[in-house]
Each structure stands twice: as C-alpha cells, then as structure tokens.
Amino acid sequence: MPLLEISKLTHRFAGLCAVSDFNFAIEPHELVGVIGPNGAGKTTVFNLITGVYRASIGSIKLQNQELVGLTPHQITSLGIARTFQNIRLFKELSVLDNVRIAHYGQIAYTPAEALLHIGRFRAEEKRITNKALDLLAIFKIDESANEKAKNLSYGLQRRLEIARALATEPSLLLLDEPAAGMNPNEIIQLMEFIQWIRQTFSVTIILIEHQMRLVMGICERLVVLDFGATIAQGLPSEIQNNPKVMEAYLGVEVAS
Amino acid sequence: MSSFKAAYHALLAHWHTLTGYKLFWPVFIIAGLAFCVAVDTYGFVDLYLQLILIYVGINIILTVSLNLINGYMGEFSVGHAGFMAVGAYVASLLTVHSFPAGAQNLLFPLAILAGGLGAAFVGFLVAIPSFKTRGDYLAIVTLAFCMIVKSVLENIDAVGGPRGLLGMEKLTTLPWVFFWTALSVWVIRNLVYSNFGRGVLSIREDEIASDLMSVNTRQVKIIAFVVSSFFAGIAGGLFAHALQFINPRMFDILKSTDILIMVYLGGIASISGSIIGAVIYTILLEILRPLGIWRMVFMPLMLVLLMIYRPRGIMGMKEARLFTPLRDLTTEKLWRQKKKEAPDASA
C-alpha cells in the first residue's frame, strides 16, 4: 500500500493553473525527487500536501486518510513534516525552543495545567526538553542549544530546520531545495546526510531540488513538472535521456 | 574604577545565587503581602502614596497582560481598554446592585473574578477575527472593538449611560492589588514558559512555519487572548473600586494608548520589562504632576528619545533571570550531565 497517494490534484491561482492533474504515489522508505524549471509548481505541490493551500480538485491520501480540507497542524500531526526553500526558522528563539515547538502536538498537558504549572506539566516539560536535546545531539548542534537560531551559520540553520521537522515524528519528510546555496562539496555531504536521515529515522522522503548532481545521486525515482503538468516520471537514468525533460529544462536542442 | 567593577561583579554573583534559590519568590511574595496588609491596617504610609502604589499594581497587570499579545505574540492590539471596561462594569454592577451591603468585603474577590471572566469571554470573541487577520488589520479590529464597547456602555441606561456608574465602596486595597498583581505575573510567566507559550512565540516568528510544525495556532491564539483579556478585566475591576467611579470615556483609545506606552517603554516580550515600564510610567507621571500641562510635553518627548536610543524598550526581548523558571535556566546543566553520561554521543 502506498504511503502517500495523490490523484488528479489540480490547483489554480486566479486563473493560473499552478498544478494540473497531478498523480503520484510513494511507497514507504522510498526517496523520490520532484524536479522542474522555476515556476513549474513544485513548491505548490508541497503546499498542497501540507495544507498551506487547499486543493481545488483532487485528493491527497496519507495511508488512506484524506488530507484535503485538514489544517496544516493536523496534517503535520498525522506524520508529514517539511522544510522550506527559504529557511523559515523561528529566528529570535533559541535552537532548543525551535525544536521544542515542533513537539507541540505531542504534549499531554492541558492549558490549565500550563497556566498553574501543576499536574503533568513538569514531567512533560522534562520529557520534551530531553527529547529535543537528544535530537540536537544527534544532529551535532547541541552545543548551540541556547543560541538564537539566527546566530547559527547557514549550513547549521539548514540542519536545524531538518531537525525541527523530524521532531514532529513524521513518516513522510518533504525537503524543499535542501541544497540551495551550497557548494559542490557541501552537496556531496548533504547527499550522505539525507541518506543517513532516511535510515536513522526510517522516513520516506520527497525532495524538490534544482541540483541535478544531488537528485541523480540519491533519488530512486523522479517526477518532472513543467507549467504544472507532469511531463515525465521514472528512474533517474530514464529521466536523464527523456527528450521532453531536456526540452523543458534546457530548451530545444540546437545542433551546433 | 576596576575595584568598582569587581564589586559590581561580586554583587551580581550574589544576586544570581540569591535569585537561584527556589524559595526566593515564595519569601518575596509572603513578605510583600505581609507588608501590604500592615500598611493597610496601620496606615503608616499616607493615603496618596498608597493610591499610587495601587495604580502601579493595576498598571503592571495591564502591561503584563497586553505584552502577551503585543510582545510575545507579535500582534498589535489596541483594544485592551475595552477588556478593562468589561471587567470594570461587570465587577461594579455586582458590588453595587447584587451583593448585600454587609458582605461587600468578603465578596469583593468574587466580583473581581467575575469581571475577569466577563472580559475573558469577550476576549474569546475577539480571538476569532485574529484567525484570519494579522498586523495592522487586527489592530483595526481591536480598535473597532474598543469603540463598540464604549458606545454600547454609553447607550445602556441601566449602567448609567455616558454619566457612568458610581456607588462602589472603596474595596480595592493594597493587599488585594498585590495579590492580583502577583497572580497575573505568575500565571503569564507560567504560560510563556510552557508549550503554549512557545506556540505564542512561534506565531510571532513565523505563523505558517509554526502551523506546519504541529502548533495549533487557533488554540494558541484563543488561549493568549482569553488570558490577556481575563487579566485586563481583573485590572478593570480593581480600577473601578479604587476610583469608586467609572464612565465609558475612561476606557477609550487613550487608555489603550497609555497601556501600549508602558508595554513599549518597558520592552516587548519581557515580563520584567512590563513591570519596569508600568512602574516608571506611573511614578513619573505623578512626579511630573507639578509641571502641569508641560507634563504632556515632557513624557512624549522622553518616549521619542527612548525609541530612538532603545528601539525595543528598556528590556526588549530580554528577560531578567528572576523571571525565568529555574527549569529553563538549568537546561544547560541537564545537557552537560547528559554528555557526561554518554560521552560517545558527542564524538
């Protein structure tokens, strides 16, 4: 049974068709890349899956549960987490708090217990703090736990964003251009890092990326979008030689 | 100079150990309450000074509670006076019309509580537009709310209409003000240093990201508005029974502006800042009273200068150690302990 199944997904922005008739399924533990030129609708697909936009037509099912119509936090609690193209950390808050906030859905105490600091409050806070510190230690950013997120270096901010997403305990992780602004060396490290995350946290990953080296290197399957339409799906090697993809990406080939 | 510096650091270290004790706050609160009761019973502080202290307390409640919305959540609410009005009228109507004359003193806390609950209910209603509106637009909504409250009160003859309401006994005493002030500061600090408080902060930082990190932003906004307006209502009830007279004009946009000034003077997203802001503003206004009309030139001028040289207020985005729960201060210790137990984790 597929983990996520998207069928006939269509979304329009005031006449502009951002995504049209998008069909897609992903099995558990797969790593699939979504590629396409700028404005192809890749991030829109992520926004539709996570509930930031409400799909006009079509259905998105996570383990047979319909996601269209749910709010973003409900979808996140069901097990879909994401990162952002332009890093969206809580900049003025500490690294630790960034991760603790992502535990929001897992806390068992009520607002009344929080206001009076009674009941399950202390035990739960301790549990969450410990969990968050453990996660930070795994990602090797625990040294900066009390630092403000905005003071981290760019690479560490990207790492923290992934840690924060994993703190929501997802089964499906959506990475939106994780390699943006990285040099070739860092991209190679990132490839290993993504593989490692996938094994350590046993998550399924969908990845949006422009860096062909990264996509071809780690994705098992690719989906190519152009102007909202799916123009190709298949193995990286197939995609590489697909004339339609080449046309969309590089323009029509001119004999020279 | 260096000896001065050394002395300062020694003092600071002592201060840190002192505030590090678990008993600091319980002792401080009991002592404060005892002092207030003593002042109230034996009257060794003159009445004018007592009244100023009462206003300081009321303003602290207003500032801390507004800071929850404007500082911690990063919204811009200008309707705080409206919540205050609801609390003031509900509490006053109870003490004037419903409570038996003999038991006023005994039932006073109930009246204040009812005022708070009434305001909290209205705060719940105001939270609903905040689901969709942000920033300037929410400011307009809260402004409209403030005007609605005022004109509704002006048009109900049963509560005195524009003439206002009187007949309250002077029930607001220093110990009660101290009690409610301590309670509001404690509860709001508790909220800020909890899961829901972190949710409030994350809405300020990035609402969409916070929603995508499983924060139930609607729930968080409702909690913030309800708690904030509850304490505004409490402050309103205390205010009404300190002044013994209220009318709708007291709770117009100018009153909201006063509270906003205290919030931004003390610093956003800071409980210690709110307290400092409320104390300085209230006391300075009293001290400058001899200046007459020039007071209203001097005060704004001071604010302009403050905003130029300290744009985030005195304590903006900072918190005194005293108001940070020990638990949060000791996370670093917790982490070091963890490292010691599992040294391979860092390798």
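Predicted model: local features only at pLDDT ≥ 70, side-chain atom pairs only at ≥ 80, totals over all residues.
1. **Where the two domains of chain A touch.** Six residues of domain 1 of chain A are in contact with five residues of domain 2 of chain A. On the domain 1 side, helix α2 (residues 72–78) of chain A gives the most, with three residues. By class, that side has three nonpolar and three polar residues. It has no charged residues.

2. **Where chain B meets chain A.** Look next at the two chains. Here 35 residues of chain A are in contact with 31 residues of chain B. On the chain B side, five helices each supply at least two residues: α7 (174–192), α8 (195–205), α9 (207–212), α10 (217–243) and α15 (331–341). The most comes from α8(B), with seven residues.

3. **Make-up of the chain B side.** What classes of residue does the side of chain B that touches chain A have? There are 14 nonpolar, ten polar and seven charged residues.

4. **Helix α13 of chain B.** This helix runs over residues 295–309 and has 15 residues. From its first C-alpha to its last it reaches 21 Å. That is close to the 21 Å expected at 1.5 Å a residue. Is α13(B) well covered or hardly covered? It is hardly covered: among its 15 residues, the count of buried ones is zero.

Conventions:
Residues numbered from 1 in each chain as written. Chains lettered and ligands numbered in written order. Contact = placed C-beta atoms within 7 Å. Helix = DSSP H or I, 4+ residues; strand = E, 2+ residues; numbered from the N terminus. Nonpolar A, V, L, I, M, F, W, Y, C, P; charged D, E, K, R; others polar. Expected span 1.5 Å × (residues − 1). Buried ≥ 20, exposed ≤ 12 C-beta atoms within 10 Å, placed from the backbone.
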